[in-house]
Amino acid sequence: MMISGREKNNISLREINKKNILKIIIDIGPISRIDISRRLKISRPTTSAYIGELIEDGLIEEIGKSDSTHYGGKKAVLLQFNSRAGHILGVMIGVKNIRIALTDLGPNIINMMKIPTEEWLGPEVVIDKLIKKLKEIIKKSRTDKENIIGIGIGATGLVDSKRGLVIFSPNLSGWSNIKLKEIIEKKIDLPVFIENECRVQAIAEKKYGLAKDIRDFVCFETGTGIGTGVFIDNKLVIGNKGMAGEVGHIITNLGGKRVCHCGNVGCLETLCSTSSLMEDISDDIKKSGKFSIYGKDKLELGDLFGLYNEGDEIVTRNVENNAKYLGIGISNTIKMFNPELVIIHGEVIKFGERYLKIVKKSVSENTFPKVKDDYNIKFSEMGDNVGIIGAASIVFDNIFDLDNSNIAGHYIIKKKLSRV
């Protein structure tokens, strides 16, 4: 049967209104029907009808009544998003470890596992291992696979999210033009969305963390590599072919001799990554001949936090140099983007406030010394699973597409979740 233009418009308007209602409840809830009606400027009966459908779909729920009303009369029934309406698989592929988690439709982790990446084995082996573990966590979770709406993956390196492609990862052996989305979709039979690891961290901070109410901010990842996730005017900055935010490969030390994983010499990453910090400390210990003091031939990153707090001379000197160089990197980022907030992620958070104080001082000295500005730089408060939460968020954002009010055909919530 042919559908008239008017019917198409009615379908479109209906689904757009449902999307807008859901978005309001997620962003503002708990909220009443009457407040939703006022915000959207649609009638109360129409609002209630749409809300009834969303309740039937399991996406929203009533949670009781408000304490009072603006205009007297009966107390309003409050609505909130039901994050238990479905599940998402979130993955973070790091240099050392892969984290895999089953989450709800919000930031809550239901089940998680961490496995060594063993990146030297090459992409085929690593991806096969990832697929095996994804199947395992689905089985262990005892949830109907139909209730899982997709898989979100954060991967280190240059990522083309539109094509589902890892273009190049300097810290993962052999990862060049890997069709990660296509490979995993064929094996797991779920929609897959991929993004750079720093950008998924920024997405998590925007939805649930320190940047929830911030329009312009930068997340600075510190680890084996250095990278950023950037939001400008509430929009994630991706760039051409996913190259935006690769500050770790900005040439900072023209006289440097250390070769970066990307193949260049003098990258910021060679100055303030955790791997460069470990290398610098190891070199200093060798030069000093003080091996016996540390009780082992080679220090691990986990050893440094206690030694730094204890004031060990070699460790303290190198950690503070690391903080200064990180401050220079953040300074360059501030000059480029002028963010309201900079959020630092990674193991360096464990060095504590003394480390952060040195970073901030370096930023002030290297940004605009004649312009006094108390730059807003903070450690992330989301913990080690920030990337997992961000990876799951990209699935939710792509499937629900709540910011797109123009394409009703992409609204697949009911189709996808009506069986939950």
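How many bridges join strand S13 (residues 226-232) to S14, and in which sense do the two strands run? Point 4 takes this up. The notes below go through the structure part by part.

1. **Confidence first.** This is a predicted model. The chain averages a pLDDT of 86, and 88% of the residues score at least 70. Two stretches fall below 50. One is residues 1-11, which has three contacts in the model beyond near neighbours in sequence. The other is residues 407-416, where the pLDDT is also below 50. Beyond near neighbours in sequence, residues 407-416 have 22 contacts in the model. Be careful with both stretches. Where pLDDT is low, the predicted coordinates should not be read in detail.

2. Begin with S3, which covers residues 77-81. Strand S1 (residues 31-32) is joined to S3 by two bridges, and the two run antiparallel. Ile 31 has Leu 79 as its bridge partner in S3. Strand S2 (residues 60-65) also pairs with S3. That pairing is antiparallel and spans four bridges. Here Glu 61 stands opposite Gln 80 in S3. As background, strands of a sheet pair through backbone hydrogen bonds, either parallel or antiparallel.

3. **A sheet of five strands.** Next, follow the order S6-S5-S4-S7-S11. This sheet is open, and its pairing is mixed. Strand S6 (109-116) and strand S11 (192-196) are the edges, so each pairs on one side only. On average, neighbouring strands of this sheet are turned by 15 degrees against each other, direction ignored. Look at S4 (residues 87-93) and S5 (residues 97-103): they run antiparallel and are joined by six bridges. Met 92 has Arg 99 in S5 as its bridge partner.

4. **Another sheet of five strands.** Now the opening question. Strand S13 (residues 226-232) and S14 are joined by two bridges and run antiparallel. Phe 231 is bridged to Leu 236 in S14. Both strands belong to an open sheet with the order S14-S13-S12-S15-S16. Its pairing is mixed. The edge strands are S14 (235-236) and S16, and each pairs on one side only. Helix H12 (residues 353-366) lies across strand S15 (341-346) and S16. H12 runs at about 155 degrees to S16.

5. **Helices on the sheet of point 3.** Helix H5 (residues 180-188) lies across S4, strand S7 (148-155) and S11. H5 runs at about 150 degrees to S11. H13 packs on this sheet too, touching S4, S5, S6, S7 and S11. The direction of H13 makes about 130 degrees with that of S7.

6. **A closer look at H13.** This helix has 15 residues. From first C-alpha to last, H13 reaches 21 Å, close to the 21 Å expected at 1.5 Å a residue. Is H13 mostly covered or mostly open? It is mostly covered, with 13 of its 15 residues buried. Asp 401 follows the helix, and its phi is positive, near 50 degrees.

7. Gly 383 and Ile 349 are 34 residues apart in sequence. In space, their C-alpha atoms are 9.6 Å apart.

8. Ser 83 lies in the loop between S3 and S4. Is Ser 83 buried or exposed? It counts as buried because its relative accessibility is 16%, and the cut-off for buried is under 20%. Leaving out residues up to four places away in sequence, Ser 83 touches Asp 104, Leu 105, Gly 106 and Asn 108.

Conventions
Residues numbered from 1 in each chain as written. Predicted model: local features only at pLDDT ≥ 70, side-chain atom pairs only at ≥ 80, totals over all residues. Heavy atoms only, no water. Pairing = 2+ DSSP bridges. Axes fitted to C-alpha atoms, helices over the stretch in contact; angles between N-to-C directions. Contact = heavy atoms within 4.5 Å. pLDDT = per-residue confidence, 0-100. Expected span 1.5 Å × (residues − 1). Buried < 20%, exposed > 50% of the residue type's maximum accessible area, 1.4 Å probe, protein only.
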